[in-house]
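Here is a short briefing to read alongside the sequence and the fold. Please keep both in view as you go through the points.

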Amino acid sequence: MTVDVEEQHVESLSSTDQKLCVKDFVWAEEQWPKINHNDFDSGNDIPVISLGNISKVQKFDKDYENACKDMVHASGKWGFFKLIDHGVAPEIVESMKTMCHELFSLPRDQKMKGVRPIHLPLGYCATNPDYGQNLPWAEIIQLLQSPQQVIAFASKIYGDQHHPFSDAFIAYMQALDKLGLVILKMLAHGLGLENDFFTKNCEEKESTMIRVNRYPPCPLPEKCLGLGSHSDPHTLTILLQDEVGGLQVLKGDDKWVGICPTPNSFVINIGDTLEAWTNGRLKSVIHRAVVNKEQCRLSAAYFISPSTYATIDAPPELIDPIINPRKYVPFTWGDFRKELIIQKRVLGKTALQRYAIAP
Ligand SMILES: O=C(O)CCC(=O)C(=O)O
Ligand SMILES: [Fe+2]
């Protein structure tokens, strides 16, 4: 007798007190993905930007100017671009990936030692309904950019054998932090602002964080989602995706485009806060992760946050009272973050709406 696929037990995403079946992961029909994880339209992929010719000692030469302009253009049109020749050592990326796979492959009881508390989205978790009521087909590790926190988390799981995980994770976060500052400076420069316009407001790391997603193979990918459609609330996301596709970006109002994995690249996307900060010049675009029947997929999103007291206030250079009036009232990142924690993240892109000024 064949069991209906929706009735199948989902061992990998259940916990001891929560036995889940495939049907528990089925989303509302309007969310069902119409394109597969490996549907890529080559004429429609996001722009690729290389940092290969950008000097380590900051030099404002032609290559630098061009790369800054390209970043601003891609971020205004797509909200997304791929970054290659980014300078993060491949060994750092590989060890982080290996350590995450190793952790996700541990027996459930051992992973649950690092489980996230109910009211704080930090730690390990399977089936985290961050977005609305629906369960994502994913296991997640979410941690702050804080070596102490990484060590505390890894120690809960591995005891005094935590070093391979925590060393790899901390090295990765530090490398991405540096890269994030480079990108934020380039965006500021490309927008005609002081280079440190954003970075001087991102010095504290207290809410910069990483979210590692592992999406197991799914028997019903046409009705489930690894991560529902959302925009990222922070300034900038540096996303690592492995060679299995699944990231899809909304183009216009209703066209989903699959982002083809490119070896040794990062996908960069603009978050809500940077959209407000640039008065809408850079776009925070809705995206999602779809799953597939055969392959496990790993992605890691590094979210760069402003300091708690930084005021997100669009600069006069990006406002024109007649043709481009101010779109958002100024707010502090701390207030926005508080709202996000209370209300959780929302499906689609509505988090920023609370600060929008009616046209
Ligand atoms: O898995 C992906 O490619 C997307 C992940 C993502 O958008 C997120 O974690 O915010
Ligand atoms: Fe995201």
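This is a predicted model: local features need pLDDT of at least 70, side-chain atom pairs count only at pLDDT 80 or more; totals for chains, interfaces and linings use all residues.

Residues are numbered from 1 along each chain as its sequence is written, while chains are lettered from A and ligands numbered from 1 in the order in which they are written. Helices (H or I, at least four residues) and strands (E, at least two) are DSSP runs, numbered from the N terminus.

**The sheet of 8 strands**
- An open sheet of 8 strands runs in the order β1-β2-β10-β7-β12-β5-β4-β3, with mixed pairing; two strands pair if DSSP finds at least two bridges between them.
- Its edges are β1 (48-50) and β3 (123-126), each with a single partner strand, so one side of each has no neighbour in the sheet.
- On average, neighbouring strands here are turned by 25° against each other, direction ignored.
- Within this order, β2 (residues 80-84) and β10 (residues 266-270) pair in the antiparallel sense over 4 bridges, and leucine 83 has phenylalanine 266 of β10 as its bridge partner.

**The sheet of 4 strands**
- Another open sheet has 4 strands in the order β6-β11-β8-β9, with antiparallel pairing.
- Here β6 (227-230) and β9 (255-258) stand at the edges with a single partner strand each, so one side of each is left without a neighbour in the sheet.
- β6 and β11 (residues 287-289) form an antiparallel pair over 2 bridges, and histidine 230 is bridged to histidine 287 in β11.

**The helix pair**
- Helix α1 (residues 62-77) packs on helix α5 (residues 163-190) at an angle of about 90°, with the axes 8 Å apart; axes are lines fitted to C-alpha atoms, for helices over the stretch in contact, and angles run from 0 to 180 degrees between N-to-C directions.
- That makes α1 roughly perpendicular to α5 (65 to 115 degrees).

**Around ligand 1**
- The shell around ligand 1 includes Arg211, Asn213, Asp232, His287 and Ser299, counting residues whose C-beta atom, placed from the backbone, lies within 6 Å.
- Two or more shell residues come from each of β5 (209-215), β7 (236-241), β11 and β12 (297-304).

**The record**
- UniProt, in an unreviewed entry, lists residues 206-306 as "domain: Fe2OG dioxygenase"; such annotations may be inferred rather than shown by experiment.
- In the model, this span is 6% helix and 42% strand, and its end C-alpha atoms lie 9 Å apart.

Methods
Angles under 35 degrees count as roughly parallel, over 145 as roughly antiparallel, 65 to 115 as roughly perpendicular and the rest as oblique.
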